[in-house]
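Please look at the sequence and the model first.

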Amino acid sequence: MASSRRCPVLPDEIISDEIFARLPAKSVLAFRCLSRAWAAKLSSDDLIDCYHAHHGGRLKIFRIQDESHGDVDEEAKSSAPPPMGVAVTADWFPRCVTAFWDKTPEPGSTDPSLAATRCRGLVLLELIPTGIHFVCNPSTGQTRVLPEGRTTGCRSPNELWHKYASLGLGYDAPTRRHKVVRIYYRGSDSEGRPASMGCEVYVVNARDEEDSAVGSWRPVTSRPAGWVEPYRPSVFAQGHVYWLGYRKRDPRRGYGRREEKIMIVSFSMSQETFGTVLPPPGIDDKALRKRCLTELGGELCFFSGGSPGHEHRYDVWLLHRTTWDLYCRIEASMASPEVNMVMRSQRNIYDINTLPLAITDNGRRILLARNAFPEDIWAYTPLTGDIEKLLDLNRVVDRRNRLLEVAVYEENIASPGRQLPRDIVLTSSLSTELCSNNFQRPPEMELDPTLGLDRDAALDSCEQV
């Protein structure tokens with residue numbers, strides 16, 4: 001009788017580090033559905049780190065739009081130098097019962113907006129104007145709503161300038177966990193300083209055995225040195241979350257007001273303490289009227305323009321540890337007609353509309369796009385001053401959709417956390433909070449707490465495998 005030959009078995013480290021770590025994120029998510037053992041293995045911190053080592057730095061672009069009509073033009077999608085990835089729309093968000101200043105937003109009146117830049121595969125989105133925030137993994141399509149934080153006491157739109165909250169998404173390397181930090185303000189004093197403020201932290205993908213406060217916000221004793229700029233995306237880089245901020249602000253509303261003593265506020269993810277970073281040298285408050293923060297190549301980027309006497313000069317500064325370096329300067333008025341057209345096509349004289357998205361080609365080019373209602377993505381070469389249109393966004397977006405923003409992300413299998421087992425309710429008064437108890441989440445939105453997926457979606461993923 002001939003002896004049967006046994007099939008060789010690959011070591012576990014080869015399967016995880018060399019096979020699973022190279023698969024698309026959606027495929028890894030589907031394999032988690034096969035068994036509890038596979039789910040545990042493919043959700044381990046070691047595999048997530050290995051996956052990030054393989055895919056980190058390979059940036060993709062995702063779209064934030066109001067609707068999801070039609071399909072993307074596959075030919076245009078394949079011809080785009082940076083993959084277009086996915087389109088995040090209002091359809092991604094769970095159905096929520098919301099009460100916003102005692103008025104529920106009408107259907108179709110809410111739009112997703114970027115609240116924080118990318119952080120190891122995850123992004124933070126806000127559903128405007130409800131104030132509901134979501135952690136999203138564009139690679140897998142998983143979206144999780146954040147619990148409601150401490151109230152700011154805001155009762156009307158007129159109070160938004162001094163009663164608001166600003167969130168930041170970061171990664172704590174020692175604990176290997178994503179965290180969301182939330183700063184909230186409850187008014188200002190007569191001199192323009194915060195009258196009352198606080199800070200709290202939420203661990204996105206904490207496990208029950210690690211954090212006794214899993215699923216809820218945890219207060220932090222540290223406080224920022226002043227106001228952080230609201231309604232702009234916060235930035236994560238080099239272990240810190242950054243905001244533009246100022247110690248005092250003029251009580252007048254609108255563009256006539258003046259912020260004083262502008263600074264950069266930082267929050268350490270590991271130590272959970274606030275600090276300040278000085279702006280680049282030679283930058284005064286007037287020059288900071290048109291400015292923004294972003295992340296380029298893993299470093300904090302300060303992008304400024306429109307300083308007095310240099311209205312069409314734009315500087316790209318990068319923070320190397322504690323030192324600012326001028327990466328490049330774009331002189332739109334002296335550049336080619338194409339550069340002049342891209343950089344000077346500003347609709348808002350008080351702010352910068354064209355923003356850097358990413359550094360590509362080993363630092364040789366910068367991707368540029370308008371931060372609101374973008375139409376094109378451009379690649380600027382600082383060494384030669386040339387600019388090239390990489391993508392016409394009108395070709396990849398259905399005409400029935402309204403493209404709100406574009407942003408970058410990286411392929412990752414990090415979990416955005418488990419969905420909260422209760423209804424999502426934002427309230428502005430005790431009466432609306434009591435009324436919210438009459439509402440229940442629709443049955444079709446029930447999630448499988450073990451797999452973190454919609455049940456039907458999980459079954460479909462397994463069938464495709």
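Which side chain meets that of R118 in a salt bridge? The side chain of E410 does, at 3.1 Å from N to O; a salt bridge is a side-chain nitrogen of Lys or Arg within 4 Å of a carboxyl oxygen of Asp or Glu. The model is predicted, so local features need pLDDT of at least 70 and side-chain atom pairs pLDDT 80 or more, while totals for chains, interfaces and linings use all residues. Numbering starts from 1 along each chain as its sequence is written, and side-chain values use heavy atoms, without hydrogens and water.

**Salt bridges**
- E410 lies in strand β25 and R118 in strand β4, so their pair ties together parts 292 residues apart in sequence.
- E410 is buried at 4% relative accessible area, and R118 is buried at 13% (buried means under 20%, exposed over 50%, partly exposed in between, with a 1.4 Å probe and protein chains only).
- R177 and D45 also form a salt bridge, at 3.0 Å from N to O.
- R177 lies in strand β9 and D45 in helix α4, so this pair joins parts 132 residues apart in sequence.
- Both R177 and D45 are buried.
- The structure holds 19 salt bridges.

**Chain and sheet**
- The protein chain has eight helices and 28 strands (DSSP runs numbered from the N terminus: H or I of at least four residues for helices, E of at least two for strands).
- Of its 465 residues, 51% are buried.
- Four strands form an open sheet in the order β8-β9-β10-β11, with antiparallel pairing (strands pair if DSSP finds at least two bridges between them).
- β8 and β11 are at the edges of this sheet, each with a single partner strand.
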